[in-house]
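Please work through the following exercises with the sequence and the model open side by side, and try each task before reading its solution.

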Amino acid sequence: MDFETIIGLEIHAELSTKSKMFCGCSTVFGGEPNTKTCPVCLGHPGTLPVANRKAIEYAILLGLALNCEIAERSIFHRKNYFYPDMPKNYQISQYDIPLSRNGFLEIDMGEYKRRVGIIRVHLEEDTGKSIHVGESGRIHGAERSLEDFNRAGIPLVEIVTEPDLRSPEEARNFMMELRAVLEYLGISDCKMEEGSLRCDANISVGVGGSRGTKVEIKNMNSFRALQRALSFEEKRQRDVLLKGGIVTQETRHWDEAAGITHALRTKEEAFDYRYFPEPDLVPIEPDPPWVEELRRSLPEMPAERLRRFISEYGLPKDIAKVLVYDKKLGNFYEETVRKGENPIEIAKWVAGDLAGLLNEASIDADLSPVRPGGVSELVHLVESGVISGRMAKDVLKEAFESGESPRQIVSRKGLSQIADSNEILAIVKQVIKENPQAVSDYLDGKEQALKYLMGQVMKLTRGKANPKMASEMLVEALKMRE
Amino acid sequence: MAISIEDVEHVAKLARIYLTEEEKEMFRKQLSDVLEHARVISEVDTSTVEPTSHAIPLSNVTREDEVRESLTVEEATKNAPWSDGGAFTVPKII
């Protein structure tokens, strides 16, 4: 059968303002339950919300970065629902007049690019956190629930895409691109594990050109989970269709441990949020000078930086991507380049060994124990033949662990390679003299005898001979014996 | 505009209130009367009038992004009928 997968995403990102959307409570993650609440975010009668200007600016910046039209006038709505995670019994959100709409973001799939439409970007407030008490630890079967409103009222942007994505890989790529945009704008922490970046998806599988039934997937808490859940769901829907069945329109929950999605056991529930304009908040009317000022303050976006890293430094795309899609690593790289060594060699070390060490230790690049000066020094030591690339790996690891500079480590451990040809030649001659059997084996055509002789050279120099020089000189000296 | 019994049942369900048959009929009539009253307004030609979501001509009322002191947990949960370790406790949701 001729299947077509269609995916649209709905993403929520917490904005990294200091205070909440409509009150002055702190937005710092975690803490004891209900230590960051006030009468406004607890929904006490008679209190009034006042919008956080910074949050509005952040949302406009995102709208601009996603090529959206910024509304001349935008209003807040109340979204009414019964669930204890919002003390007011409604969430302040936006409905038919969002802050921005009609944008796009392009993703690079290697073989091709895709422009993904952005339907809207709007502002709303986050909900509180519920802990369900009971054996299952989940809402079903819980005896009671504990409500923590520290998160209630933290500003959120909701980003809704057009159903333009055609595979789970594209969905993952889109999320990576969007996260990078948020990171470059500096408006969100983007930590999927802490829930500051969340994603729901709609996925349908159509057959022979007709549209399939839309299924909503929730609870994907990492980039990997997003791709796995969508791949699972794509296959599940195809299997249903192949067996002649019908896909049910429903909401399904991704179970990370089991690697499957399952239908949520909700009672037949007509979503009817009875949206109406929030009377306590006046409209937002971003006047053109304000929007222009924000537009001028837009930083370089990840896609632009990727193009620049490739053209300016001559980097291969895969290496440039590693550097660009981690803003702090990219900054680290550029700081290192400014110290003057070869940009391509620096990129290999930063995107390779250093990124690996940082990852393993869960340290962000801006807090790396090896500073840009250290990496520059390391590249210089390799480029000038003082140490081999192989040795440099160990030196970097040691510098990372001890904080010592590469140069100090090399001199303390006497690691400098012997790149003095006279010194190496003397050792080569000695090895040839002391190993007549291996020499004659080699001359009889036994290639592995060369390896043995080379090993002897390295042993006598305690591994410090420049391997390339030593090997060339050994072959040369043996030739003269023929 | 007439409200049906089904409309009343739907609204009651959304509001999580339980109504007897007599109450449903009572609210059906009352809500119909309210809508009928509002219908008079809909006879006015408003095609050139912007929808009014707010009564006062005011926009862009914002505050600076500054942290203010929050309530203590004791204060925050003081009015709650049931709390546990600083968290508001609510009965079984589903």
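**Exercises on aromatic rings**

A:Tyr81, A:Tyr95, A:Tyr273 and A:Tyr275 are linked into a cluster by ring pairs, where rings of Phe, Tyr and Trp (its six-membered ring) pair if their centres lie within 6.5 Å, and planes under 30 degrees apart count as stacked, over 60 as edge-to-face and the rest as tilted. This is a predicted model, in which local features need pLDDT of at least 70 and side-chain atom pairs count only at pLDDT 80 or more, while totals for chains, interfaces and linings use all residues. Residues are numbered from 1 along each chain as its sequence is written, chains are lettered from A and ligands numbered from 1 in the order in which they are written, and side-chain values use heavy atoms, with hydrogens and water left out.

**Exercise 1.** Determine how A:Phe149 and B:Phe88 are arranged as an aromatic pair.

*Solution.* Step one: the whole structure holds 9 aromatic pairs over all chains. Step two: in the pair of A:Phe149 and B:Phe88 the centres are 5.3 Å apart with 45° between the planes, so the pair is tilted. Step three: A:Phe149 is buried at a relative accessible area of 5%, buried meaning under 20% relative accessible area (1.4 Å probe, protein chains only), and B:Phe88 is buried at 13%.

**Exercise 2.** Find which residue has its charged end over the ring of A:Phe104.

*Solution.* The charged end of A:Arg115 sits there, 3.7 Å from the ring centre; the criterion is NZ of Lys or CZ of Arg within 6 Å of the ring centre and within 35 degrees of the ring normal.

Notes
Buried means under 20% relative accessible area, exposed over 50%, partly exposed in between (1.4 Å probe, protein chains only).
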